[in-house]
Amino acid sequence: MSVAGTGFTSLKADLILNIYEQSDRNFKGRMEGIIDGAKYGQDLTGSIDENDKYLCATTSDGNLYIGYFITDSFIRFYSFEKKGNTRIIQYKLRKLQNK
């Protein structure tokens, strides 16, 4: 779901958040996939709070991601994007099994 100055909009998204480096509570990763038929990809860096409940990340172009762990397998993630008109997007991410 996305919200901008014009109101709420449903989004079709298929995304993967891949954490490729982690040291203590800090991580680096990449969010990529498809949003409403368009390719999407953002490298990000962030951290997890001391209670292992909340996470915050930023991208090099100024997007902010804030989220929390619903369970060990689910994260609710919000992005605050500053491209053109600012918009807020809510993602629900599910952990994939390790290979």
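Student: Leaving aside the neighbours within four places in sequence, which residues is Leu-44 in contact with?

Tutor: Contact here means heavy atoms within 4.5 Å. With neighbours within four places in sequence left aside, Leu-44 is in contact with Leu-17, Phe-27, Lys-28, Gly-29, Met-31, Ala-57, Thr-58, Thr-59 and Tyr-65. Before going on, note that this is a predicted model, in which local features need pLDDT of at least 70 and side-chain atom pairs count only at pLDDT 80 or more, while totals for chains, interfaces and linings use all residues. Residues are numbered from 1 along each chain as its sequence is written, and side-chain values use heavy atoms, with hydrogens and water left out.

Student: Where is Leu-44 found, and is Leu-44 buried or exposed?

Tutor: Strands are DSSP runs (E, at least two residues) numbered from the N terminus, and Leu-44 is found in strand S5. Buried means under 20% relative accessible area, exposed over 50%, and partly exposed in between, with a 1.4 Å probe and protein chains only. Leu-44 counts as buried because its relative accessibility is 2%.

Student: Which residues have the most contacts inside the largest nonpolar core?

Tutor: A nonpolar core is a set of buried Ala, Val, Leu, Ile, Met, Phe, Trp, Tyr and Cys residues joined through side-chain atoms within 4.5 Å. The largest one here has 16 residues, and those with the most contacts inside it are Met-31, Tyr-40, Tyr-65, Phe-77 and Tyr-91. At least two residues of this core come from each of strands S4 (26-35), S5 (38-48), S6 (54-59), S8 (74-81) and S9 (87-94).

Student: How many aromatic pairs does a search of the whole structure find?

Tutor: Rings of Phe, Tyr and Trp (its six-membered ring) pair if their centres lie within 6.5 Å, and planes under 30 degrees apart count as stacked, over 60 as edge-to-face and the rest as tilted. The search finds two such pairs. In one of them, Tyr-65 and Phe-77 are stacked, at 5.4 Å centre to centre with 25° between the planes. This pair links distant parts of the chain, with Tyr-65 in strand S7 and Phe-77 in strand S8, 12 residues apart. Both Tyr-65 and Phe-77 are buried.

Student: How many salt bridges does the structure hold, and which residues are linked in a network?

Tutor: A salt bridge is a side-chain nitrogen of Lys or Arg within 4 Å of a carboxyl oxygen of Asp or Glu. The structure holds three. Arg-25 and Asp-52 meet through their side chains at 2.4 Å, N to O, linking the loop between strand S3 (13-23) and S4 with the loop between S5 and S6, 27 residues apart. The network links Arg-30, Glu-32 and Asp-43: the side chains of Arg-30 and Glu-32 meet at 3.1 Å, N to O, and the closest N and O atoms of Asp-43 and Arg-30 are also 3.1 Å apart. Because Asp-43 lies in strand S5 and Arg-30 in strand S4, their pair ties together parts that are 13 residues apart in sequence.

Conventions
Helices (H or I, at least four residues) and strands (E, at least two) are DSSP runs, numbered from the N terminus.
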